[in-house]
Amino acid sequence: MRLLTHHPEHLTQIHKVCLSTSPDLLQVQIYELDAIRLNEGFALVKLAGLNDRNQVELLRQMYVGIAIEDAVPLEEGEHFQFELIGIEVQTEAGEHLGTLQEILETGANDVYILNGSHYGEVLIPVTDDTILSTDVAGKTMVVRLPEGLLPSS
């Protein structure tokens with residue numbers, strides 16, 4: 001499987017994984033891990049009870065996750081990506097920009113992709129200067145946009 005984690009070595013300590021046909025991982029099948037081996041951005045896994053190629057082939061293209069209690073603890077002010085998807089984003093002046101739809105990971109900094117009724121798709125660079133506050137429980141984020149990011153209305 002392709003790895004989308006900043007801590008791939010942590011996966012060698014995990015005993016169960018959740019598989020789903022959807023990236024939101026709301027409906028999952030839980031599998032015990034028999035073995036895992038990391039290899040250049042990928043993991044080779046052996047799931048308990050799946051012993052032939054035909055059984056495993058049925059799992060191709062599925063999303064794999066771990067239970068939140070198995071995740072690496074976050075630092076103060078950090079959030080899991082799944083917690084941010086769906087959050088409402090507004091400027092510090094209170095202008096609603098849209099809902100966070102996707103997080104694009106780039107080499108320099110992440111980019112939040114929003115979709116809103118007024119501006120449509122908006123891309124916001126994730127920096128200390130742009131993200132002022134994030135309230136995961138309240139599903140809101142306040143941002144300070146760089147000059148010229150939005151078209152004038």
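1. Strands E5 and E6 form a hairpin with 4 residues between them, and Gly94 in the turn has a positive phi of about 95°. The two strands run antiparallel and are joined by 3 bridges; Gln90 stands opposite His96 of E6. E5 covers residues 88-91, and E6 covers residues 96-104.

2. The model is predicted. Its mean pLDDT is 91, with 99% of the residues scoring at least 70. Confidence is highest in E10, at 97, and lowest in helix H2 (residues 81-84), where the mean is 88.

3. E5 also pairs with strand E10 (residues 140-143), this time in parallel, through 4 bridges. Gln90, already noted opposite His96, stands opposite Val142 in this second pairing. E10 is joined in turn to strand E9 (residues 131-135) by 4 bridges, and these two strands run antiparallel. Thr134 stands opposite Met141 of E10. The hairpin of E9 and E10 has 4 residues between the strands, and Lys139 there takes a positive phi near 55°.

4. On its other pairing, E6 is joined to strand E7 (residues 111-116) by 5 bridges in an antiparallel arrangement. Thr99 has Asn115 in E7 as its bridge partner. This hairpin has 6 residues between its strands.

5. The largest nonpolar core has 14 residues, and those with the most contacts inside it are Val89, Leu100, Tyr112, Leu114, Ile124 and Met141. Two or more residues come from each of E6, E7, strand E8 (120-125) and E10. E6 gives the largest share, 3 residues. Apart from this core lies another, of 12 residues, including Ile14, Val17, Leu19 and Leu59.

6. Which residues is Ile124 in contact with, leaving aside its neighbours within four places in sequence? Among them are Val89, Tyr112 and Leu114, which are also listed with Ile124 for the most contacts inside the largest core.

7. The structure holds 1 aromatic pair. The ring centres of Phe80 and Phe82 are 5.8 Å apart and their planes lie at 20°, so the pair is stacked. Phe80 counts as partly exposed, at 22% relative accessibility, whereas Phe82 is exposed, with a relative accessible area of 56%.

8. The count of salt bridges comes to 4. In one of these, the side chains of Lys16 and Glu32 meet at 3.9 Å, N to O. Lys16 belongs to strand E1 (residues 16-20) and Glu32 to strand E2 (residues 29-39), so the pair ties together parts that are 16 residues apart in sequence. Lys16 is partly exposed, at 43% relative accessibility, and Glu32 is partly exposed at 41%.

9. A salt bridge also joins the side chains of Asp34 and Lys46 (3.6 Å, N to O). This pair links distant parts of the chain, with Asp34 in strand E2 and Lys46 in strand E3 (residues 42-47), 12 residues apart. Lys46 counts as partly exposed, at 29% relative accessibility.

10. Glu92 forms a salt bridge with Arg144, and their closest N and O atoms are 2.8 Å apart. Glu92 lies in the loop between E5 and E6, while Arg144 lies in the segment after E10, 52 residues apart. Glu92 is partly exposed at 47% relative accessibility, and Arg144 is partly exposed at 41%. E5 and E10, the strands named in these locations, are themselves joined in parallel by 4 bridges.

Conventions. Residues numbered from 1 in each chain as written. Predicted model: local features only at pLDDT ≥ 70, side-chain atom pairs only at ≥ 80, totals over all residues. Heavy atoms only, no water. Pairing = 2+ DSSP bridges. pLDDT = per-residue confidence, 0-100. Core = buried A, V, L, I, M, F, W, Y, C linked by side-chain atoms within 4.5 Å. Buried < 20%, exposed > 50% of the residue type's maximum accessible area, 1.4 Å probe, protein only. Contact = heavy atoms within 4.5 Å. Phe/Tyr/Trp six-rings, centres within 6.5 Å; stacked < 30°, edge-to-face > 60°.
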